[in-house]
Amino acid sequence: MSYLPNVLFALLLIGGVGFFVRNVKKLSRNISLGKDIDRSDRIADRWKHMAAIALGQSKMVRRPIAGLLHIIVYIGFIIINIEVLEIIIDGLFGTHRIFAFAGGFYNFLIGSFEILAFLVLLSVIIFWIRRMVLKLPRFWSKEMTSWPKNDALNILYFEVVLMGLFLLMNAADYGLQQMGAIHYVQAGSFPVSQFIASWLPENELTLFYIERGAWWLHIIGILIFLNYLYYSKHLHILLAFPNTFYANLEPQGRFDNLASVTKEVKLMMDPDADPYAVPEEGEEDEVGKFGASDVTDLSWVQLMNAYTCTECGRCSSVCPANQTGKELSPRAIMMKTRDRLEEVGRFIDKEGEVAFREKGDGKSLLDTISEAELWACTSCNACVTECPVSIDPLSIIMDMRRYLVMEQSAAPQELNLMMTNVENNGAPWQYSQMDRLNWKDE
């Protein structure tokens, strides 16, 4: 009977971690639906990029107040969760503060955790005030309703509950240590929770129930939070690192060329080439699709971008099209891409990937991202520069534009006219080729 708590804890741990692993597999499968792209070059530069942006938070501090608060929460999340290792060992083997043998270093760690927990609580409260009282415009855009809005608030409430339980657990533990309770070793430093302890009842049994209750709720909350990540924008906690590692390191503004189009142009410019020559066996080109109309036409990096989006809105706040009231919001592009990818994932769960590849589900990314959004983009790269985790909404916009132009001939009239002039006159204007440079004499 004395082993019952250990067995219950083991079952809880297996269930929580098992569900998380299941979702990670689903996440990996969905990302792998994207086209292959080689991002294995410049390994040293990629490590530096990841260390500076994901680990060093270098882009977050461009806005100092939000950046400092985010760093506190980020460090708190990483450091305090080291204690989870001790909780797991204690839960499985029935020990208590198993790392207490570290003596002064253990006291220093527990004290540091408590100060960080208190700072995280303060930061979360300020985040809530900025979002709900000051109502910063980027948190109240039209795409930030329903789930996106509630998701952001849920995480703040989660943090308050987890940090509160952590401090309450330590406060009760501190009280039991002062009473010399059996099983509660004299260990740890409690610079914050010792003040909370003075508010708790001075009854050993009551303190025991408070400590055990907070301990169980704390670990259950951590497992719930772990599994909530998959459904939340806070998946960036995990994906920010691979996303920055595999980011596009080419100079901004450099667009990729389609290999098939490049080959055709080279063939047209080669005076010795026979345009009617039959390809040799094995060299037949597979007729592919130009651009992207659905998530499976995007690369796996672009799909990982969608899952990594923090929905912070920094991209949309600097977008010139968005600022002038046009339809485009780079944040909405990423959110819609993620929603569509999740929709495809659910179809595959039900019907299988083969069925999706063969007949699809009758929908596409163009059903949710409008042509007005795509053509409003100025391709200035402001959204890419501003993103704190190296997400590239512009690449998705350009791939979808490419599909509209090359597969649908659905470019705006002004653009079609310009391309026709370039083709016929060698210039974007409606002048003959002989007059196309007359403008320089004016």
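Ala, Val, Leu, Ile, Met, Phe, Trp, Tyr, Cys and Pro count here as nonpolar, Asp, Glu, Lys and Arg as charged, and the others, Gly among them, as polar. On that scheme, the residues that line the largest cavity divide into 19 nonpolar, five polar and six charged.

The structure is a predicted model, in which local features need pLDDT of at least 70 and side-chain atom pairs count only at pLDDT 80 or more, while totals for chains, interfaces and linings use all residues. Residues are numbered from 1 along each chain as its sequence is written, and side-chain values use heavy atoms, with hydrogens and water left out.

## Enclosed and open space

Rolling a probe the size of a water molecule over the atoms shows where empty space is left. On a 1 Å grid over the protein atoms alone, a cavity is a set of points where a 1.4 Å probe fits but cannot get out, and a pocket is an open set with protein on both sides within 12 Å along at least five of seven lines; lining residues have an atom within 4 Å of a point. Grid points are joined across faces, edges and corners, and a volume is the space filled by probe spheres set on the points.

The structure holds three cavities of 30 Å³ or more, and the largest cavity contains about 670 Å³ of space. Its lining consists of 30 residues, of which Met60, His70, Phe127, His234 and His236 are the closest to the centre. Helices (H or I, at least four residues) are DSSP runs, numbered from the N terminus. Two or more residues of this lining come from each of helix 2 (43-55), helix 3 (64-80), helix 5 (104-132), helix 6 (146-179) and helix 9 (236-245), and the largest share, five residues, is that of helix 3.

The second largest pocket has a volume of about 480 Å³. It is lined by 28 residues, and Gly94, Thr95, His96, His183 and Arg212 lie nearest its centre. Helix 1 (4-31), helix 4 (82-93), helix 6 and helix 8 each give two or more residues to the lining of this pocket, with helix 8 giving the most, seven residues. By residue type, the lining of the second largest pocket divides into 13 nonpolar, seven polar and eight charged.

## Aromatic rings

A pair of aromatic rings is described by the distance of the centres and the angle of the planes. Rings of Phe, Tyr and Trp (its six-membered ring) pair if their centres lie within 6.5 Å; planes under 30 degrees apart count as stacked, over 60 as edge-to-face and the rest as tilted. The structure holds 14 aromatic pairs. In one of them, the rings of Phe158 and Tyr228 have their centres 5.7 Å apart and their planes at 45 degrees, so the pair is tilted. This pair links distant parts of the chain, with Phe158 in helix 6 and Tyr228 in helix 8 (residues 204-228), 70 residues apart. Both Phe158 and Tyr228 are buried, where buried means under 20% relative accessible area, exposed over 50% and partly exposed in between (1.4 Å probe, protein chains only). Elsewhere, ring pairs link Trp47, Phe245, Tyr246 and Trp300 into a cluster.

Charged groups also meet rings, a charge being said to sit over a ring if NZ of Lys or CZ of Arg is within 6 Å of the ring centre and within 35 degrees of the ring normal. The charged end of Arg131 sits over the ring of Phe139, 4.0 Å from its centre, and that of Arg212 sits over the ring of Trp215, 4.7 Å from its centre.

## Salt bridges

Side chains of opposite charge can pair when their charged atoms come close. A salt bridge is a side-chain nitrogen of Lys or Arg within 4 Å of a carboxyl oxygen of Asp or Glu, and a search of the whole structure finds 20 of them, including the following.

| Salt bridge | N to O distance |
|---|---|
| Glu327 and Lys142 | 3.1 Å |
| Arg254 and Glu250 | 2.7 Å |
| Arg340 and Asp294 | 2.9 Å |

Arg340 lies in helix 14 and Asp294 in the loop between helix 10 (259-269) and helix 11 (300-308), so their pair ties together parts that are 46 residues apart in sequence. Arg340 and Asp294 are both buried, and they belong to a network of salt bridges that links Asp294, Arg340, Glu343, Asp361 and Lys363.

Glu327 is partly exposed, with a relative accessible area of 39%, whereas Lys142, at 60%, counts as exposed.
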